[in-house]
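This briefing is organised by topic. Please view the sequence and the model first, and then read the points below.

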Amino acid sequence: MTIQQLKYIVALDDERHFARAAEVCMVSQPGLTIQLKNLEEEIGIKIFDRNKVPLTPTVLGAEIINRAKKILREADEIRDFVVNEKNKLEGEVKIGIISTLSPYLIPLFIQAMKKATPKMQFIIKEANTGQLMNDVTTGALDVAIMATPTGNPHLIEHPVFKEPFVAYLNTVHPMATATHYELQPSDRAELLLLQNEYCYNAQLLDICDIKSTGKIKEQFSYDISSIETLKNLVRAELGFAIIPELSMINDSETGLFKHFKDPKPVREISLVVSDTFSKKLLLEKMNEAIWNCLPESLQQNFAYRKIRWNDSPYFIKATTR
């Protein structure tokens, strides 16, 4: 017995005619007849007396039709409940975000979301990529804002924007006065990375065409996880950094950062949810809030090449130790 079969017998009761009922149900008349026959054979009861004109329910058939109407009403109520839940912008939402994006995007994003969803409470967790993916998969987080693609078939990615990488140079760097940054042979050994940020580091190594961290100068060992610390190390002439453009949002006038020539290397930033996540309206509101708070330069079209991270030999080696 199926919901569709119940719809057919209710339509037959309303129309008392096979052809008209089939038209109402948008099915062929033979198809409706077969489904009625299958249902009657399954329950062992004749629902309609086909010898009467117009078509008439049997005594037991009339009771079955009444029960079918009740079931269909309850099914509609379930459907309405699910739709309302999907569109409800209330309650608690747990959001995770990569630490290389959080300090720059969250202050802008939260203000926009407070206006768009005043009845929602947001719990923000900053973590590395691996932890975010695990937490979304297990349900510890509802949504992650992170670089994609993840390569995880159980996660659904909703791309929001492309964020270019920029070179952050000190005043004595050979390219300090150039219009755009071009990688110098000596730069590979001077590249500063973040501790345990395997996704981010893999992207930087890809940009610089470095297959592992073995080529990077190891006179100093920095156990840091902050882009702001990287920037201070660059200012102290201890290396150079490649950083996401949003991290320059408060330093745009220093002249210490340089864009790459087109096509610019970018990371794709997406809203990532599990394949069972249902609040589509919330994702639409988050997408809109993030996009609207971005600097105009990130909203414009430009030539780019997307930097992956999950296929990097460095990333695979670092995360399988």
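Two strands pair if DSSP finds at least two bridges between them. Helices (H or I, at least four residues) and strands (E, at least two) are DSSP runs, numbered from the N terminus. This is a predicted model, in which local features need pLDDT of at least 70 and side-chain atom pairs count only at pLDDT 80 or more, while totals for chains, interfaces and linings use all residues. Residues are numbered from 1 along each chain as its sequence is written, and side-chain values use heavy atoms, with hydrogens and water left out.

**Strand 6 and its partners**

- Strand 6 and strand 9 (residues 264-274) are paired antiparallel through nine bridges, and Pro164 faces Val266 of strand 9.
- Strand 6 also runs antiparallel to strand 7 (residues 241-244), with four bridges between them; here Val166 stands opposite Ile243.
- A further antiparallel pairing, of three bridges, links strand 6 to strand 8 (residues 257-259), where His259 is the bridge partner of Val166.

**Nonpolar cores**

- A nonpolar core is a set of buried Ala, Val, Leu, Ile, Met, Phe, Trp, Tyr and Cys residues joined through side-chain atoms within 4.5 Å. Buried means under 20% relative accessible area, exposed over 50%, and partly exposed in between (1.4 Å probe, protein chains only).
- The largest nonpolar core has 72 residues, of which Leu105, Phe109, Ile145, Leu191, Ile242 and Met286 touch the most other members.
- Strand 6 (residues 155-168) contributes the most to this core, namely seven residues.
- Another core, of 19 residues, lies apart from it and includes Ala21, Cys25, Leu39 and Ile65.

**Aromatic pairs**

- Rings of Phe, Tyr and Trp (its six-membered ring) pair if their centres lie within 6.5 Å; planes under 30 degrees apart count as stacked, over 60 as edge-to-face and the rest as tilted.
- The whole structure contains four aromatic pairs.
- Phe165 and Tyr200 form a tilted pair, because their ring centres are 6.4 Å apart and their planes stand at 45°.
- Phe165 belongs to strand 6 and Tyr200 to helix 7 (residues 198-207), so this pair ties together parts that are 35 residues apart in sequence. Both Phe165 and Tyr200 are buried.
- Phe302 and Tyr304 form an edge-to-face pair, because their ring centres are 6.1 Å apart and their planes stand at 70°.
- Phe302 is partly exposed at 22% relative accessibility, and Tyr304 is partly exposed at 39%.
- One aromatic cluster is formed by Tyr181, Phe240 and Phe260.
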